[in-house]
Amino acid sequence: MKNESVFQAHCVLEASIRSGDFDAVIAALRQMTAQDREAHAATLKHLESRLQAGRWERDGKAASWWGTQVSQEHLSAAGAALFFCGGSLERSEHWQYQDTLYPHLDLLEATALRGLATELVSSRPVYFTVAQRLVCDGLSDRPGNDAYILGLMALPQLKKGAPSIFAAIDADPALLDGHLLRLFDVEGTSDLNMSGVEKYSFGNSWTFALLQLAKEGRLDRTQLLDRCIGTLEKDWPQFRSGWFSRFHEQLAPTLDQMTGLSARYLALCHSRIPPTVALALNAVGALVKAGRVGCDDVLDALVPVMSSAVKGQVDAALKLLDAVVKNDPATAHRAAALAQRALAHEAGEVHKKVIARIAAWGCDEATRSDLAAMLPHVSALHRPALAMLVGVAAPASYQLPSVDTHLPIGVLAPLDPSRKLVPLNDIDELVQTIAYVFENEAAIDDFERALEALARLAPALKSAQERFLPVLKRGLKMLAADRDVAGALARMLGAVFDATLSFAALDTRSSNGDLKRRMADLTVFVTRHGGLAPLSSATHQRGFIDPLVLCERIEAHARAGAVSILDEQVRALLRLPAGQGAQALPRLQALAQTPFVQACRYALGDDVDMGDEPALFQAAARIRQPDQDDARVLLAFGDLGPDGAIAARYAWSVAAWAGPPPVPYIVLDVQPAASNPDPSLIAIRRHGIGDCRYFSWGESNLLYAASVLPSSLEAFFADGAYRIGRNIDWLEARWHDKAYLTPLMDPTVPVTPSAVKMIALALGAKEAGQLAVAVDAFVAVLLEERADATQIAQEMRWTLLSLIGKSARYAKSLASAARAHPSMPQRVIGMLCVVLDMGDVTPPKDTGALLELLLELSVSSALELPAGARSRIALLKLTGKGKAAQKELLARFP
């Protein structure tokens, strides 16, 4: 069959598949012995593979071979045959035809049928309902592996008629015999775990089901409590263990139950998971209050908690120390020695509480010596009180060293020689670079180098194919895993070595779709014109193309008679540096004046006649006048959308989801309105089509998208501000969103208005990793003077007054930034004064955190408040801690 130009059926089974007749396939299978069916497996695998590929081929080869267009009926017939003839892998891969396969399962041998349920859930836990049907019908043994429990765990999320939890138990009461309790033993995966399932179960939740089963007496509540604590003792990652902390709260154990578990609660205080520690502290607090636990045991348990970075845990531990000392005054000095560990915490408020307690409890000489050693590290506001407590003179306030705030870092030009991408000419180095990109998709510059080398060296590489075998093999795995940048490089690698590749149903709406379109274009180009560098290959970091190198490529293509398609020409135009390239104009003017050459001349500032290709001149307008309108292109081709002839305008506002309480969220309006532009209008398509946003999911996708139009990242940063602002409270685990901030670390990247807003939003983000990148980017753009600190502060104030951001988070991120460089405290103080200039508007409730930071930085750095700041701060209408901080600040700076 492999060498046949036209398919020939060699048996009744193959003829039945060719006719797409499922019933005929089953009839043919019933006429065969088990050994005959097994013997057909290899042939059927090849046949089905050809049919699957042919379903999406557009060149007509598959239809010519098969004699007709491959249909779903053909695939179903082939899949059914392979299900009954193949092994466990084939059965699990073709169970999507279950409705038609189920009545004929007697075709399987007894051993295979008994293990079918296990095979299915092992391949995909979501086959749980099918496995249950097999078990309940007595056809298969009940699976005993973790995959079965994962399928049970996913039950509330399953669709297509999946039963509710209670319906599944009613259908199979044996689930109550230990299987439900195994939910507490299986950690799950990043995609499937109890917390994730609960988040999207919408009423059909495990929390409700387990509590209801305990209420009905079908599950033992004490046993649930024991298993819940046992799970928390495993210290699973915070998100996965979070469900069990919340479930413990719902179980609401009695004091007597907690007393029997007191040793385990004390041990949980040593957990590395903050919610688990919080649960343990609450339980221990109740036990201490009731006198059900020994004071020495409590003090031992609190040792790691006092060094916690979580302020709430330290506060709770200090309150527990209060209760312990109250119950047993003899423990006061030991409690003081324990409390002094919390002076390492970054919060000045914690320092104040610790010092007050030690003053009340007293301390021994060893603790007094430790306190004296901590003096330089304690908040400047509370250092005098600690110095008085230990009987030494308070250290002088920290004096800022003399710092030239205008740092001689400078902003590099995109085509600076240090940023040139060195071409790959050595085969071994090319192989190593390809392997590196496969494992590090975010290395977009190396991706571009490898692409260019594969195209330029293609004729010479075929004779060295053996040296590429490891990366060719790895490339197949990248394609199978649907990896984005790595998969794109694998496709190019395959094209060089004549692999058959399919580019079916390319999505033209997203950056990932554009990347795949580019690879489809380049693979055609390299098969026709191997030995030439593609027009769109970057020559410098961040995707830039040197205009002189582009001239060389145009000349080389002309000599070879190679013509790149329109999309490739547009991509090359968009990668030219704005305002640089006048030296290339004479060379361009000497070339044959094709529409592409004329568009290049226009992009670099020359006067030319507009041709009749809008995509080229819309792209040229973005290079000639980045972020500005181009009247000539507008007159010639009209308004085709944002960042065509007319630069995109961004308007930000705030709306609210219905409460109570209402939840504010940011709204982005882009003008002129985007429609559904031609795929060649790449700059315009970056603004999305309808509800589909252009910038795709995934770090490598985003970093590649930032290289599409490197001279103007305003659209990229606007999308980043939108994404980060909509998820500022981390309602969705979008780990890749920090990639929007990564380009800001590059000194060649201008900080646009949308970048300023994105920085302001990201500095108030909840997720620690994203916040750390935001702080680094914030410090970098200020030290390199690429951004105005006042503008960022104004955006932070807008975020706070819109109730999107939280002052406590801003206080944390700004405090971290202030420690990054000797010049940063002064900058942060100035920014805080701008943020706190709220006029007559009622400030957010947690504004006191910003005032406390302002007070701390001013005192520790011996800096005065900027002119006028005091009067503006005095206008703030505050209560509680905010009022106290305001009062102290105004008293220190009369």
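**Figure 1. Helix H32 at the largest cavity.** Helix H32, spanning residues 511–529, gives the most to the lining of the largest cavity, with three residues. The structure is a predicted model. The volume of this largest cavity is about 90 Å³. Its lining comprises 10 residues, and Arg518, Arg571, Ile682, Tyr704 and Val708 lie nearest the centre. By class, five lining residues of the largest cavity are nonpolar, four are charged and one is polar. The structure holds two cavities of 30 Å³ or more.

**Figure 2. The second largest cavity.** A volume of about 40 Å³ is computed for the second largest cavity. Helix H34 (566–574), helix H37 (614–624) and helix H39 (682–685) each supply at least two residues of its lining. Residues lining the second largest cavity include Val570, Leu574, Ala615, Gln618, Ala619 and Asp643. Ser680, Leu681, Ile682, Ala683 and Ile684 also belong to this lining. The lining of the second largest cavity divides into eight nonpolar residues, two polar and one charged.

**Figure 3. Surroundings of Gln618.** Gln618 sits in helix H37 and is among the residues that line the second largest cavity. The relative accessible area of Gln618 is 2%, so this residue counts as buried, the cut-off being under 20%. Leaving out residues up to four places away in sequence, Gln618 touches Val633, Phe637, Gly638, Leu640, Gly644, Ala645, Leu681 and Ile684. Of these contacts, Leu681 and Ile684 are also listed in the lining of the second largest cavity.

Definitions and conventions
Residues numbered from 1 in each chain as written. Predicted model: local features only at pLDDT ≥ 70, side-chain atom pairs only at ≥ 80, totals over all residues. Heavy atoms only, no water. 1 Å grid on protein atoms, 1.4 Å probe; cavity = no way out; pocket = protein on both sides within 12 Å on 5 of 7 lines; lining within 4 Å. Points joined across faces, edges and corners; volume = space filled by probe spheres on them. Helix = DSSP H or I, 4+ residues; strand = E, 2+ residues; numbered from the N terminus. Nonpolar A, V, L, I, M, F, W, Y, C, P; charged D, E, K, R; others polar. Buried < 20%, exposed > 50% of the residue type's maximum accessible area, 1.4 Å probe, protein only. Contact = heavy atoms within 4.5 Å.
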